Amino acid sequence: MAILTGFLQDSLRVSKTVMPVMNRQGQKYTGKQIYFYDERPIEAVIATMVPGETLYIGYTATYAWDVNYRFEYLFVDLAAQQWPQIVKAVESEVIQKRGLR
């Protein structure tokens, strides 16, 4: 993903119940502010999951679709393709940090 202001990256949301949707009435990108991605809210949701639960992941910035498809960054598609490797890498990191093996 190309990061200029961080707004798109900061619009990543997760849910255990519904797919996050674009927020057309909420926070708007102004082009003037710098946004900082904070993974803690996402980690908090993931920490409450049990095996077999579904996790819905989506970007709420209204221009996310354009960046992904129209401008062909394909960051969503590439992450989906690499998802098994991403999960395995994070799993190994957690195991190592927690001394589980």
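**Entry 1. Terms and model.** I take a residue as buried when its relative accessible area is under 20%. I note that the model is a predicted one.

**Entry 2. Asn68.** I looked up Asn68 and found the residue in helix H3. Its relative accessibility is 2%, so I record Asn68 as buried. I then searched for a polar partner: the side chain of Asn68 makes a polar contact with the side chain of Asp77, at 2.8 Å.

**Entry 3. Thr5.** I next turned to Thr5, which sits in the segment before H1. A polar atom of the Thr5 side chain lies 3.3 Å from the backbone nitrogen of Phe7.

**Entry 4. Asp10.** I located Asp10 in helix H1. With neighbours within four places in sequence left aside, I find Asp10 in contact with Tyr35, Phe36, Tyr37 and Asp38. I also took the C-alpha to C-alpha distance from Asp10 to Gln96: the two are 28 Å apart in space and 86 residues apart in sequence.

**Entry 5. Overall form.** I count five helices and two strands in the secondary structure. Read from the N terminus on, the order of the elements is α-β-α-β-α-α-α. The C-alpha trace spans about 45 × 25 × 25 Å along its principal axes. Of the 101 residues in the protein, 20% are buried. I considered the contacts between residues at least 6 apart in sequence, and 73% of these join residues at least 24 apart. For the accessible surface I have about 7,800 Å², with 57% belonging to carbon and sulfur atoms.

**Entry 6. The largest pocket.** I searched for pockets and noted for the largest a volume of about 1,400 Å³. Its lining comprises 34 residues, and those nearest its centre are Leu12, Ile42, Ile57, Trp83 and Ile86. I list the elements that give two or more residues to this lining: strands S1 (12-15) and S2 (56-59), with helices H2 (40-47), H3 (64-70), H4 (75-81) and H5 (83-98). Which element supplies the largest share of the lining of the largest pocket? I find that the share is that of H5, with nine residues. By class, I record 25 nonpolar, three polar and six charged residues in the lining of the largest pocket.

**Entry 7. The second largest pocket.** I noted a volume of about 200 Å³ for the second largest pocket. Of its 14 lining residues, Ala2, Leu4, Leu8, Tyr63 and Val67 are the closest to the centre. Helix H1 (residues 7-10) gives the largest share of this lining, three residues. I asked how many charged residues the lining of the second largest pocket holds. There are no charged residues there; the lining divides into 11 nonpolar and three polar.

**Entry 8. Cross-reference.** H1, in which Asp10 is found, gives three residues to the lining of the second largest pocket. H3, where Asn68 lies, is among the elements that give two or more residues to the lining of the largest pocket.

Methods:
Residues numbered from 1 in each chain as written. Predicted model: local features only at pLDDT ≥ 70, side-chain atom pairs only at ≥ 80, totals over all residues. Heavy atoms only, no water. 1 Å grid on protein atoms, 1.4 Å probe; cavity = no way out; pocket = protein on both sides within 12 Å on 5 of 7 lines; lining within 4 Å. Points joined across faces, edges and corners; volume = space filled by probe spheres on them. Helix = DSSP H or I, 4+ residues; strand = E, 2+ residues; numbered from the N terminus. Nonpolar A, V, L, I, M, F, W, Y, C, P; charged D, E, K, R; others polar. Buried < 20%, exposed > 50% of the residue type's maximum accessible area, 1.4 Å probe, protein only. Contact = heavy atoms within 4.5 Å. Areas by Shrake-Rupley, 256 points an atom, 1.4 Å probe, with all protein chains shown as cover. Polar contact = N/O pair within 3.5 Å; in protein donor to acceptor, adjacent residues only side chain to side chain.
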